[in-house]
Amino acid sequence: MELLNLKLTFENILIQGENAMRIRMHSYHEVVAAAANLCREANFYIPQNTRALLEQSFQNEESELGKMVLERISENAKIAAEEQMPLCQDCGSALVFLEIGEQFRIRGGNVIDAVSEGVRRGYREGYLRKSMCHPLTRKNTGDNTPAVIHTDIVKGTRLKIIVMPKGGGSENMTKLKMLTPSAGKKGIADFAVQSVVEADGNPCPPLILGIGIGGGSAERTMFLSKKALLRATNSAHSNPEIAALESEILERVNQTGIGPQGLGGRITAMACFIEWEPCHIASLPVAINLLCHSARHAEVRL
Amino acid sequence: MNAKKILLPLTDEIIAGLKAGDAVLLSGILFTGRDAAHKRIVEALARGEAPPFDIQGATIYYMGPSPAKPGAIIGAAGPTTSGRMDAYTPRLLQEGLKGMIGKGFRSEAVRQAIVEHHGVYFAAIGGIGALISKCVKKAEVIAYPELGAEAVLKLEVEDFPAIVINDIHGNDWYRIRK
């Protein structure tokens, strides 16, 4: 007991000073293990709220082929979970979103190295496909790194890790358009719907649509479209105007007839999420990023 | 949904009986090939060399599996997007390729080549690789092992579920589905 107390004291150092600050120490190994585990978990299980969306889609789908596809997606999820095997052979690029608390500290290395090591370990030990390669020689890096790691500094002592394996089929359908201000909401919605129509069955519908509007430069718009995909799948945007645009785009996309896997049907997308930020007075950038039916992601807070 | 059971290899007679929108269950031999393998095969043909398997009458599955766990036949084994193979496909159809399995739409050139050379394009369901792996009874690397997940595999499959997308009559299920 005394030893345990000593350990706790060591791991939660109280720094006395003008602004007393609580530092939370974590080991490098703990972060590696957490990231590795998330890579496996995200590839083996469909998130619970996505399962609810798939169930609802099955109820609402009218086409016979569409219903068959939705049934198979749910059978696939059962097999993957039972056998701890990936839902899809494309285990994706490893996208990692980190929310790093200002008072989060790691000993034994830095957090980026720890997450990268976790990705290497998770993909190796989980028998996940390694899909990263040199863009020109096409030589595989062999361990699915580099991971795409986005960091955000937040208040607090904790580290939140979200892993989203992103398959090439859906990512290849990503689009960015630098609209100009006169295009307005209609221009945004038209662009989003047109992008889904052009993607057709390729990104494995029924989809989750992530749309980024605004941002001070193009890469920020792209990031917003990805960030939108992290929204809980049963929530609408808190701003009613944005929520209405989400509904409008979803409704229009579901009138295209593309349906599950492009085989025809009502349910082309299960949800549409928009994230926005202010943009330059000359611009109205918009980006769309598509997530496949299994909406793979997993998260943990250390 | 009633699916037609089909024994591979595909013959002109079998292909003549398939129409866009048909559900099928395929049993027999498939060869896998993705971007890198297609590039190598077409380059080999251009040099007048023999491809690594007999393309005459063959069916290619656009797939690169996840690694098999110890004792397993294969890992997850679902289709990849077919459009990326469009640049190479007419050449292979000309060589006698009969069937293709992938996901997503094909180019105009591929659709025409399917009609001209009496081929067929099937879609498998994307993102259900764990389920599809259960149809694979044997898997063997037969070419380009250095390509890893993109190596050419010879697969023996049983009741592999697919949908006819492009038939010899020029029909395209992705266009007529509505």
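Me: Where is P146(A) found?

Reply: P146(A) is in a loop of chain A, between α5 (111–125) and β5 (148–154). Helices (H or I, at least four residues) and strands (E, at least two) are DSSP runs, numbered from the N terminus. The model is predicted: local features need pLDDT of at least 70, side-chain atom pairs 80 or more, while totals for chains, interfaces and linings use all residues. Residues count from 1 along each chain as written, chains are lettered from A in written order, and side-chain values use heavy atoms, without hydrogens or water.

Me: Ok. What kind of peptide bond joins T145(A) and P146(A)?

Reply: A cis one, with omega about 0°. Chain B has a cis bond too, joining L8(B) and P9(B), with omega about 5°. P9(B) sits in the loop between β1 (4–7) and α1 (12–16) of chain B.

Me: And phi? What is it for Y127(A)?

Reply: Near 55°. That is positive, in a residue other than glycine. Y127(A) is in the loop between α5 and β5 of chain A. C204(A) also has a positive phi, near 65°, and is not a glycine. C204(A) belongs to the loop between α7 (184–199) and β8 (207–214) of chain A.

Me: Is C204(A) buried or exposed?

Reply: Buried, at a relative accessible area of 7%. Y127(A) is partly exposed, at 28%. Buried means under 20%, exposed over 50%, partly exposed in between (1.4 Å probe, protein chains only).

Me: New topic. How is chain A divided into domains?

Reply: Domain 1 of chain A covers 2–42 + 87–166, and domain 2 covers 48–80 + 168–300. The bounds come from an automatic or database domain assignment. How far apart are the C-alpha centres of the two domains? They lie 27 Å apart.

Me: How much area do they bury between them?

Reply: About 1700 Å², with 63% of it on carbon and sulfur atoms. Buried area is the accessible area (1.4 Å probe) that two parts lose on being put together, summed over both. On the domain 1 side of chain A, L87(A), M164(A) and K166(A) supply 42% of what is buried against domain 2, more than any other three residues.

Me: How many salt bridges between those domains?

Reply: Two. A salt bridge is a side-chain nitrogen of Lys or Arg within 4 Å of a carboxyl oxygen of Asp or Glu. K166(A) forms a salt bridge with E171(A), with the closest N and O atoms 3.0 Å apart.

Me: Now the two chains. How many residues are in contact?

Reply: 38 residues of chain A meet 37 residues of chain B. Together the chains bury about 3000 Å², 62% of it on carbon and sulfur atoms. Y127(A) comes back here: Q89(A), Y127(A) and R129(A) supply 22% of the area that chain A buries against chain B, more than any other three residues.

Me: Last one. Where does D22(B) lie?

Reply: In the loop between α1 and β2 (23–32) of chain B. D22(B) is buried, with a relative accessible area of 11%. Leaving out residues up to four places away in sequence, D22(B) touches K4(B), G17(B), A162(B), I163(B) and V164(B).

Me: And D35(B)? How far apart are the C-alpha atoms of D22(B) and D35(B)?

Reply: They are separated by 27 Å, at 13 residues apart along the chain.

Note on methods: Contact means heavy atoms within 4.5 Å.
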